[in-house]
Each structure stands twice: as C-alpha cells, then as structure tokens.
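Me: Could you take a close look at one part of this model for me? I'd like a single strand and whatever surrounds it, with the cut-offs spelled out.

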Amino acid sequence: MFILRFINDDDDLSVKDFVSLTDLKEYINQNNLEKTWHQIEEVKKVIPNLKEN
C-alpha cells in the first residue's frame, strides 16, 4: 500500500491511499502534482512469527 500526501487546490494537506505504485503515479500525472509538494510513503505489512520454541 502507498500513501500520497499532497497540497490540494485549497492549499490544504490531502492524503490518499493507493494499492499500487502504478495507480499512484497515474493519479499524480492526471492531477498535475509533479511540480507541487507531495510525499509518497510505502506501507509494508509485517506478519509476526508466532511460533513458540
């Protein structure tokens, strides 16, 4: 999962979640966010090992 943080048209911070990096990049291109402030964070799911020794 990827989280995109960006400044919207009202100069407010917006946050959107994406399943794939491709979808996120398409959204950036479609909304002309390349030249504005934005931040991309990748969220990795960690599954703990619950085995007992």
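Reply: What follows is a walk around strand β1 and its neighbours. Keep in mind that this is a predicted model, where local features need pLDDT of at least 70 and side-chain atom pairs count only at pLDDT 80 or more, while totals for chains, interfaces and linings use all residues. Residues are numbered from 1 along each chain as its sequence is written, and side-chain values use heavy atoms, with hydrogens and water left out.

Let's start with the sheet. Three strands make an open sheet in the order β2-β1-β3, with antiparallel pairing. That leaves β2 and β3 as the edge strands, each pairing on one side only. From one strand to the next, the twist averages 20°. Helix α1 (residues 21–30) packs on this sheet and touches β1, β2 and β3, its direction making about 15° with that of β1. On terms: helices (H or I, at least four residues) and strands (E, at least two) are DSSP runs numbered from the N terminus, two strands pair if DSSP finds at least two bridges between them, and contact means heavy atoms within 4.5 Å. Axes are lines fitted to C-alpha atoms, for helices over the stretch in contact, and angles run from 0 to 180 degrees between N-to-C directions.

Now the two sides of β1. Residues 2–7 form β1, and six bridges tie it to β2 (residues 13–18). The two make a hairpin with five residues between them, and D11 in the turn has a positive phi of about 60°. Toward β3 (residues 38–42) there are five bridges; L4 has I40 as its bridge partner there, and R5 stands opposite Q39.

A search of the whole structure finds one salt bridge, meaning a side-chain nitrogen of Lys or Arg within 4 Å of a carboxyl oxygen of Asp or Glu. R5 counts as partly exposed because its relative accessibility is 23%, and E41 does so at 34%. Buried means under 20% relative accessible area, exposed over 50%, and partly exposed in between (1.4 Å probe, protein chains only).

Finally, I7, also in β1, has L13 as its bridge partner in β2. I7 is partly exposed, because its relative accessibility is 31%.
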